[in-house]
Amino acid sequence: MLFVRMLRRVGQSPACGCWTPVLPVRFLGVSPRQIPADANFHSAFFSGTDHPRVLITGGLGQLGVGLANLLRKRFGKDNVVLSDIRKPPDHVFHSGPFIYSDILDYKNLREIVVNNRITWLFHYSALLSAIGEANVSLARAVNITGLHNILDVAAEHNLRLFVPSTIGAFGPTSPRNPTPDLCIQRPRTIYGVSKVHAELMGEYYHYRYGLDFRCLRYPGIISADSQPGGGTTDYAVQIFHDAAKHGKFECNLEARTRLPMMYIDDCLRATLEVMEAPAESLSMRTYNVSAMSFTPEELAQEVLKHVPEFQITYNVDAVRQAIADSWPMKFDDSNARKDWGWKHNFDLPELVTTMLNFHGSETRVAQAN
């Protein structure tokens, strides 16, 4: 990567011959980036009565649309811009502002932030664990190079930045039950490596430049209205689709594989709460958050209470099982609960009831049609 040292002219007159060095900046395309050493970005851009102007990247993934809906209810429809490189479905396109955004194009990102007067940025563009292992070079570009662009745009334009992390940021040498916020992290997937990189780079930009960086390590996220997206925990989403439609499910993880999980409503609320938390209440910039921890076997037993004919079989995928075996079994999220009052609403019984009610009603409507 090419680095150059820029010189800044001192004085008002362009004829002045005095020059002084400033921080190195990196060129991507034709857009130089410069981060002042004395920058201080904490909440300086809107008052408590004003609404932030929000950009969500990777907005057509599992979390982006739901987050946009939540934030639009909170801050107003026109204050939240959803973006992606894919064409949105009609209901998403018409629900609020949507624009094309390529996180690998720094100039494009910069234009979006400037033209839309963005003050908060939620960065959800990433390739997940299983898909990332199938295409490491693409995952490296999206998850790492794209992150660098986001960090530089956020620092340059004084944004409050949220970047999600994951249980995949831990590895087989991390303590697994429970896993604290601060411990050894040696992940064995490109997804996990890129997320550790994101955590450390975000914290570096915070301490070095004052960037208001905030990060949550999500557990497996379970959502009723989205399709599995290539993650190792996606069995806990697919099981409800299959239980409602077919009464059976083939699981690609072993029956006793315990992983931390969270219902999407809790996840989105945690994300908003940590972004709204006063900076002085945050003792760290990256927090674990969780709600429950279960195995495929335990989940299936809970499903059986609602679908007595339900059957689960196991056809273990070696790649996904190896990934799951290197991940935490349970998160210690006591710091999030202490610092900014995190508290989950959905335990396993509530989760299963909610998911089956949603998919059961969908199935009944489809059969009627």
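## A buried tyrosine and its partner

Y205 is buried, with a relative accessible area of 9%. Here buried means under 20% relative accessible area, exposed means over 50%, and partly exposed is in between (1.4 Å probe, protein chains only). Y209 is buried too, at 11%. This is a predicted model, in which local features need pLDDT of at least 70 and side-chain atom pairs count only at pLDDT 80 or more, while totals for chains, interfaces and linings use all residues. Residues are numbered from 1 along each chain as its sequence is written, and side-chain values use heavy atoms, with hydrogens and water left out.

Y205 and Y209 are four residues apart in helix α6 (residues 190-209), so about one helical turn separates them. Helices (H or I, at least four residues) and strands (E, at least two) are DSSP runs, numbered from the N terminus. The ring centres of Y205 and Y209 are 5.3 Å apart and the planes stand at 75 degrees, so this pair is edge-to-face. Rings of Phe, Tyr and Trp (its six-membered ring) pair if their centres lie within 6.5 Å; planes under 30 degrees apart count as stacked, over 60 as edge-to-face and the rest as tilted.

How many aromatic pairs does the structure hold? There are twelve aromatic pairs. One of them joins Y124 and F162, a tilted pair with 6.2 Å from centre to centre and 45 degrees between the planes. Y124 lies in the loop between β9 (120-123) and α4 (129-134), and F162 in strand β10 (residues 160-162), so the pair ties together parts that are 38 residues apart in sequence. Both Y124 and F162 are buried.

Ring pairs also link F75, W120, F122, Y124, F162 and Y218 into a cluster.

## A space inside

The model has one cavity of 30 Å³ or more, and the largest cavity holds about 60 Å³ of space. On a 1 Å grid over the protein atoms alone, a cavity is a set of points where a 1.4 Å probe fits but cannot get out; lining residues have an atom within 4 Å of a point. Grid points are joined across faces, edges and corners, and a volume is the space filled by probe spheres set on the points.

Among the residues lining the largest cavity are H123, V142, L147 and K195. Helices α5 (136-156) and α6 each supply at least two residues of this lining.

Helix α8 (residues 264-276) has 13 residues, which should span 18 Å at 1.5 Å a residue, and its end C-alpha atoms are 18 Å apart, which agrees. The expected span is 1.5 Å times one less than the number of residues. Buried residues in α8 include I264, C267, L268 and V274.

S283 lies in the loop between α8 and β16 (286-288) and is partly exposed, with a relative accessible area of 48%. S283 and N335 are 52 residues apart in sequence, and their C-alpha atoms are 8.2 Å apart in space.

## Backbone details to look for

Most residues other than glycine have a negative phi, and most peptide bonds are trans. The peptide bond from N177 to P178 is cis, with omega near 0 degrees. P178 lies in the loop between β11 (165-166) and α6.

R117 has a positive phi, near 50 degrees, and is exposed, with a relative accessible area of 58%.

Methods: 1 Å grid on protein atoms, 1.4 Å probe; cavity = no way out; pocket = protein on both sides within 12 Å on 5 of 7 lines; lining within 4 Å.
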